[in-house]
There are 2 protein chains.
Amino acid sequence: MTQPHFLTQIFKETDFTIPELETILPKFQRLELAKGAYMLQEGDLENHYWFLERGYARSYVIDPEGKDISTNFYAAGDIVIDWTSFFLRNPTRENIQTLSACVLWQLDFNSFQDLFHNIKSFREQGRTTLVGSYFELKKHSVSIIADQAKDRYLKLMKEKPDLIQNISLKHIATYLGVTDTSLSRIRKEISE
Amino acid sequence: MTQPHFLTQIFKETDFTIPELETILPKFQRLELAKGAYMLQEGDLENHYWFLERGYARSYVIDPEGKDISTNFYAAGDIVIDWTSFFLRNPTRENIQTLSACVLWQLDFNSFQDLFHNIKSFREQGRTTLVGSYFELKKHSVSIIADQAKDRYLKLMKEKPDLIQNISLKHIATYLGVTDTSLSRIRKEISE
DNA sequence: CAATATTATTGCCCTATGACAAGAAATGGA
DNA sequence: TCCATTTCTTGTCATAGGGCAATAATATTG
């Protein structure tokens with residue numbers, strides 16, 4: 001077996017024993033997706049736990065008025081998943097789409113369950129990852145209430161500059177809770 | 001041992017075997033708190049998994065300008081926890097305070113870990129609860145971006161009418177991302 | 001490399017919501 | 001039961017950000 005070398009950055013030997021890694025890693029499948037491909041569409045059941053090795057992706061929802069609102073962006077090394085659909089086994093409200101050609105590793109739900117229930121450090125790791133997502137979401141949510149649009153953009157620039165380089169501003173705008181028009185004005189103001 | 005009867009509503013026999021319940025339930029401690037007591041304060045480490053049997057509570061953060069922003073409300077039957085602090089073992093940014101006299105049941109982190117790693121259905125239950133919180137947070141976060149303040153209030157009225165009855169409007173306002181002044185005007189508009 | 005489609009900027013005007021301050025109403029003690 | 005405190009409402013005015021449409025700049029594709 002060839003060691004899937006990307007995943008060893010995600011699942012480090014410091015967290016897992018060699019035999020554990022030998023159980024975990026082969027359960028993942030490598031996958032390449034072209035730009036614009038959907039990893040998940042509204043109404044689907046999320047049946048995979050995905051890691052992004054290369055590329056960018058975005059999740060979004062369509063609100064009742066038909067507006068597209070970005071809920072998250074994903075870059076290399078990130079986990080890409082709709083937690084709710086995956087764990088509650090409900091159809092998702094989200095769409096997850098690649099924004100560039102992507103290399104991904106996926107683990108199906110049943111394999112996840114096996115690992116989760118049988119390997120203590122795997123479930124610790126899974127729980128930590130989920131809580132990490134919760135933390136990010138909370139931070140974002142509070143920021144939308146507490147900060148001005150300009151400050152939200154400045155924070156994003158500081159924390160995830162690569163997103164601003166690689167993702168179209170109209171998507172970043174909806175993620176920040178402003179229109180693309182306003183974001184454009186904010187950028188102008190900052191550059192002055 | 002007297003069966004702590006409230007918790008059997010949370011941990012049902014349909015999900016746990018009787019022996020499992022006999023392991024789980026005694027690990028919880030009953031606790032009464034007066035109105036205004038803090039279950040958690042900024043800087044603390046969340047060391048408990050709490051269930052609220054009776055009363056109301058609120059979590060909030062203080063933003064950099066010193067403004068108090070409600071992040072959640074808790075009513076009877078709800079779990080009250082800062083997931084991030086509890087699982088990542090980090091000091092919390094949140095404050096959780098009772099809004100009325102409360103009856104609570106708490107489980108400390110070490111007991112939680114024992115149950116989590118030793119009882120399969122306990123970890124399924126814990127995971128489901130956490131994901132449920134994630135789902136609510138996501139819904140709220142999207143609502144702040146996509147909906148008008150008035151619609152956010154109408155939704156809350158419909159989904160959690162008891163909160164509006166029992167929690168002061170200034171707290172509901174910050175939760176909805178508006179000022180108490182605006183919320184007051186929204187209420188006036190609705191009542192006309 | 002042209003042709004087209006998509007994305008980003010800008011102008012003009014408008015609306016939802018905020019800031020501040022004054023009352024009114026409700027609540028909680030002593 | 002009265003006083004003090006907190007909460008809620010309302011008025012006036014200010015402003016952040018939206019809607020729409022035109023143009024400019026980029027990307028994409030045949």
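This is a predicted model: local features need pLDDT of at least 70, side-chain atom pairs count only at pLDDT 80 or more; totals for chains, interfaces and linings use all residues.
Biologist: Thanks! In what order do the four strands of that open sheet in chain B come?

Modeller: Two strands of the sheet pair on one side only: strand 1 (29-33) and strand 6 (79-80) of chain B are its edges. The pairing in this open sheet is antiparallel, and the order of its four strands in chain B is 1-8-3-6.

Biologist: Which strands does helix 4 of chain B touch, and what angle does its direction make with that of strand 8?

Modeller: Helix 4 of chain B covers residues 109-118 and packs on the sheet. Its contacts there are with strand 3 and strand 8 of chain B. With the direction of strand 8, the direction of helix 4 makes about 65°.

Biologist: Let's turn to the two protein chains. Which element gives the largest share of the side of chain A that touches chain B?

Modeller: The contact takes 27 residues from chain A and 27 residues from chain B. On the chain A side, the elements giving two or more residues are strand 5 (68-74), helix 3 (83-88) and helix 5 (120-146). By class, that side has 14 nonpolar, seven polar and six charged residues. Its largest share, 16 residues, comes from helix 5 of chain A.

Biologist: Now the DNA, please. Which helix gives the most to the surface near DNA strand C?

Modeller: DNA strand C is surrounded by 16 residues, and A:Ser168, A:Leu169, A:Ser184, B:Ala149 and B:Ser182 are the closest. Two or more residues come from each of helix 8 (169-176) and helix 9 (180-191) of chain A, and helix 6 (149-159) and helix 9 (180-191) of chain B. With six residues, the one that gives the most is helix 9 of chain A.

Biologist: And how do the residues of the surface near DNA strand D divide by class?

Modeller: Around DNA strand D there are 16 residues, of which A:Ala149, A:Ser182, B:Ser168, B:Leu169 and B:Ser184 come nearest. Helix 6 (149-159) and helix 9 of chain A give two or more residues each, as do helix 8 (169-176) and helix 9 of chain B. Helix 9 of chain B gives the most, six residues. By class, the surface near DNA strand D divides into three nonpolar, seven polar and six charged residues.

Definitions and conventions:
Residues are numbered from 1 along each chain as its sequence is written. Chains are lettered from A and ligands numbered from 1 in the order in which they are written. Two strands pair if DSSP finds at least two bridges between them. Two residues are in contact if their C-beta atoms, placed from the backbone, lie within 7 Å. Axes are lines fitted to C-alpha atoms, for helices over the stretch in contact, and angles run from 0 to 180 degrees between N-to-C directions. A residue is near a molecule or strand if its C-beta atom, placed from the backbone, lies within 6 Å of it. Ala, Val, Leu, Ile, Met, Phe, Trp, Tyr, Cys and Pro count as nonpolar, Asp, Glu, Lys and Arg as charged, and the others, Gly among them, as polar.
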